[in-house]
Amino acid sequence: MIVVKTREEIELMREAALVVSKTLGEVAKAVKPGVTTLELDKIAEECIRDQDAIPGFLGLYDFPNTLCMSPNSQVVHGIPNNTPLVEGDIISIDCGAIKHGFYGDHAYTFPVGEIATETEKLLQVTKESLYVGIREFKVGNRVGDVGYAIQKYCEDHGYGVVRELVGHGLGRTMHEDPEMPNYGKRGRGKKFIEGQVVAIEPMINLGTHRIKQHRDGWTITTQDNKPSAHFEHDVAIVDGKPELLSTFAYIYDALGIESDEENEFRQKELVL
Ligand code: MG
Ligand code: MG
């Protein structure tokens, strides 16, 4: 069952989405060779609590930390540890928080120093595919339209689209209906409706789409050990159109990146 949100609830969800956006911006400042993922996790937990919010992943399904930290061939759900990042790594960081009783859920894959050209391209295309998907999240379309758009865009670049993990509805619980696969068929699946909020999150592999689950019960890696990228935004349908609740602006500010990629999905100006 899709839980529709009122305008007021969507504004509260925007605040939750901005908590995780700001947190990833703080984390972005510290992503460099030598830092450990546990150190980044601490930064995130403090930043979330400083915003009068609660880490959303900590304890959820018994997850032990604030951030999911998935380097290189890890797809998602990696657990922070004491291994320092090294030049040339990529690190997918997924952040959840609860504010006003609503979840924010947001992810970005960071390069650590200089990375291989083919990996850089994977990050760029995966992020582009996120917007290609968001563009289809509107009244009149269906779940399959978003999945189809993301899958086509990524497969046209020769990449593998992970099947086992999907985006989801978002609200007072972390995972609401509907599931939002990053693959699918046009015109199939549930219809989108006004006031619906989802997390769209392509998980895209440089090589095969196949994955393996590790014995810790959490970590998931690509079967061929090639890199995997993950970008995630929280999006509502307002006046029939996609309205972005999260933002990469804090990350771009930290990294000195200029971008207007989010503008088409915002009906009012972003105030940071
Ligand atoms: Mg997430
Ligand atoms: Mg999610």
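**Entry 1, helix α5.** I started at A249, which sits in helix α5 (residues 249–255). The model I am reading is a predicted one. I looked up the contacts of A249 beyond four places in sequence and found E262, L270 and L272. I then checked A249 against H209, which is 40 residues away along the chain. Their C-alpha atoms lie 30 Å apart.

**Entry 2, magnesium ion (ligand 1).** Which residues hold this ion? I find D94, D105 and E232 as the protein donors, with D94 listed for two OD contacts. D105 also gives an OD atom, and E232 an OE atom. The distances run from 2.0 to 2.4 Å. Along the chain, I read the donor spacing as D-x10-D-x126-E. Next I placed D94 and E232 on the fold. D94 is in strand β4 (residues 90–99), and E232 is in the loop between β13 and β14 (233–238).

I looked up burial for both. D94 has 9% relative accessibility and therefore counts as buried. E232 is at 0%, so E232 is buried as well.

I then asked which residue bridges the two magnesium ions. D105 does, and the ions are 3.2 Å apart. Buried or exposed, D105 and E201? Both are buried.

I followed β10 into its sheet. The sheet is open, has three strands in the order β6-β10-β13, and pairs antiparallel. I noted β6 (160–161) and β13 (228–230) at the edges. Each has a single partner strand, so one side of each is left without a neighbour in the sheet. Between β10 and β13 I found three bridges. I looked up the partner of M203 in β13, and it is H230. Helix α3 (residues 117–134) lies across β10 and β13. I read its angle to β13 as about 35°.

Helix α1 (residues 7–30) packs with helix α2 (residues 37–50) at about 145°. Their axes are 9 Å apart. The crossing is right-handed. On the α1 side I listed V19, K22, T23, E26, V27 and A30. They meet L40, I43, A44, C47 and I48 of α2.

Which members of the largest nonpolar core touch the most others? I find V31, L40, I93 and I200, in a core of 52 residues. I checked V31 in detail. Leaving out residues up to four places away in sequence, V31 touches L40, L85, I91, I93, F110, P111 and V112. Another core, of 16 residues, lies apart from the largest one. Among its members I noted Y103, L170, M174 and A236.

Terms used
Residues are numbered from 1 along each chain as its sequence is written. Chains are lettered from A and ligands numbered from 1 in the order in which they are written. This is a predicted model: local features need pLDDT of at least 70, side-chain atom pairs count only at pLDDT 80 or more; totals for chains, interfaces and linings use all residues. Side-chain values use heavy atoms; hydrogens and water are left out. Donors are N, O and S atoms within 2.8 Å of the metal (3.2 Å for Na, K and Ca); water is not among the atoms, so sites may look incomplete. Buried means under 20% relative accessible area, exposed over 50%, partly exposed in between (1.4 Å probe, protein chains only). A nonpolar core is a set of buried Ala, Val, Leu, Ile, Met, Phe, Trp, Tyr and Cys residues joined through side-chain atoms within 4.5 Å. Contact means heavy atoms within 4.5 Å. Two strands pair if DSSP finds at least two bridges between them. Helices (H or I, at least four residues) and strands (E, at least two) are DSSP runs, numbered from the N terminus. Axes are lines fitted to C-alpha atoms, for helices over the stretch in contact, and angles run from 0 to 180 degrees between N-to-C directions. A crossing is left-handed if the near helix is turned anticlockwise from the far one by less than a right angle, and right-handed if clockwise.
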